[in-house]
Amino acid sequence: MDRATLQTRFPDVYAIGDVTSVGTPRAGTFAEGAGKIVAAQIIARARGGEVARYQGDGRCYIEFGETQIAEIYVNFLGGPKPASQYFGTTPEGVANKQHFGSSRKARWFGM
Ligand SMILES: Cc1cc2nc3c(=O)[nH]c(=O)nc-3n(C[C@H](O)[C@H](O)[C@H](O)COP(=O)(O)OP(=O)(O)OC[C@H]3O[C@@H](n4cnc5c(N)ncnc54)[C@H](O)[C@@H]3O)c2cc1C
């Protein structure tokens with residue numbers, strides 16, 4: 001499959017999430033990011049416009065306790081080799097993780 005577009009060898013068929021072979025880990029954050037890129041491409045096909053290439057990037061949280069949450073941003077496909085940025089434990093990390101969860105619960109399940 002095409003790593004930049006997530007298009008399979010079948011026309012107009014895309015792959016996202018665990019089933020892809022682009023080299024990103026099997027994790028929800030990558031499945032979600034891939035879904036956004038594919039959705040943007042389908043919209044662009046209908047309406048026109050350019051879509052940025054898939055970066056294979058995502059943000060993960062590392063929990064060391066309720067008030068100790070670190071963040072790491074990883075980008076597997078945006079450059080010549082994978083890159084990451086570690087943010088350590090910050091008060092923002094706690095709020096960001098909480099928002100990450102609650103915003104998705106609201107969007108997907110109306111909770
Ligand atoms: C125990 C466990 C813990 C994990 N923890 C984390 C975590 O903490 N953070 C994280 O980011 N990721 C985590 N993951 C990984 C994450 O769950 C997956 O990467 C993510 O769910 C992949 O999304 P997906 O849409 O590709 O596949 P899935 O979420 O597996 O969705 C595929 C869907 O397709 C359905 N399906 C399958 N075959 C058919 C068929 N023939 N017809 C119709 N429907 C079908 C399945 O029932 C399923 O609902 C975890 C995975 C496991 C197993």
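Guide: Start at Val-74, which stands opposite Ser-84 in strand 3. Keep in mind that this is a predicted model. Val-74 belongs to strand 2, and there Val-74 is also the bridge partner of Gly-58.

Now widen the view to the strands. Strand 1 covers residues 57–63, and strand 2 covers residues 69–75. These two run antiparallel, with 7 bridges joining them. Strand 2 is also joined to strand 3, residues 83–89, by 6 bridges. That pair runs antiparallel as well. As a general point, side chains in a regular strand alternate between the two faces of the sheet.

Look at the turn next. Strand 1 and strand 2 make a hairpin, with 5 residues between them. Gly-65 sits in that turn, and its phi is positive, about 145°.

Step back to the whole chain. Domain 1 spans 1–54, and domain 2 spans 56–111. Their centres, taken over C-alpha atoms, are 21 Å apart. The contact between them draws 9 residues from domain 1 and 7 residues from domain 2. On the domain 1 side, the touching residues divide into 4 nonpolar, 4 polar and 1 charged.

Positive phi turns up again at Leu-6, a residue other than glycine, with a value near 65°. Leu-6 is in the segment before helix 1, which covers 28–47. Asp-12 also lies in the segment before helix 1. Asp-12 is not a glycine either, and its phi is positive, about 65°. Asp-12 has 9 other C-beta atoms within 10 Å, so Asp-12 is exposed.

Finish at the ligand. Around the ligand are Gly-17, Asp-18, Val-19, Arg-26, Ala-27, Gly-28, Thr-29 and Ala-31. By class, this shell has 3 nonpolar, 3 polar and 2 charged residues.

How values were computed
Residues numbered from 1 in each chain as written. Predicted model: local features only at pLDDT ≥ 70, side-chain atom pairs only at ≥ 80, totals over all residues. Pairing = 2+ DSSP bridges. Helix = DSSP H or I, 4+ residues; strand = E, 2+ residues; numbered from the N terminus. Near = placed C-beta within 6 Å. Nonpolar A, V, L, I, M, F, W, Y, C, P; charged D, E, K, R; others polar. Domains from an automatic or database assignment. Contact = placed C-beta atoms within 7 Å. Buried ≥ 20, exposed ≤ 12 C-beta atoms within 10 Å, placed from the backbone.
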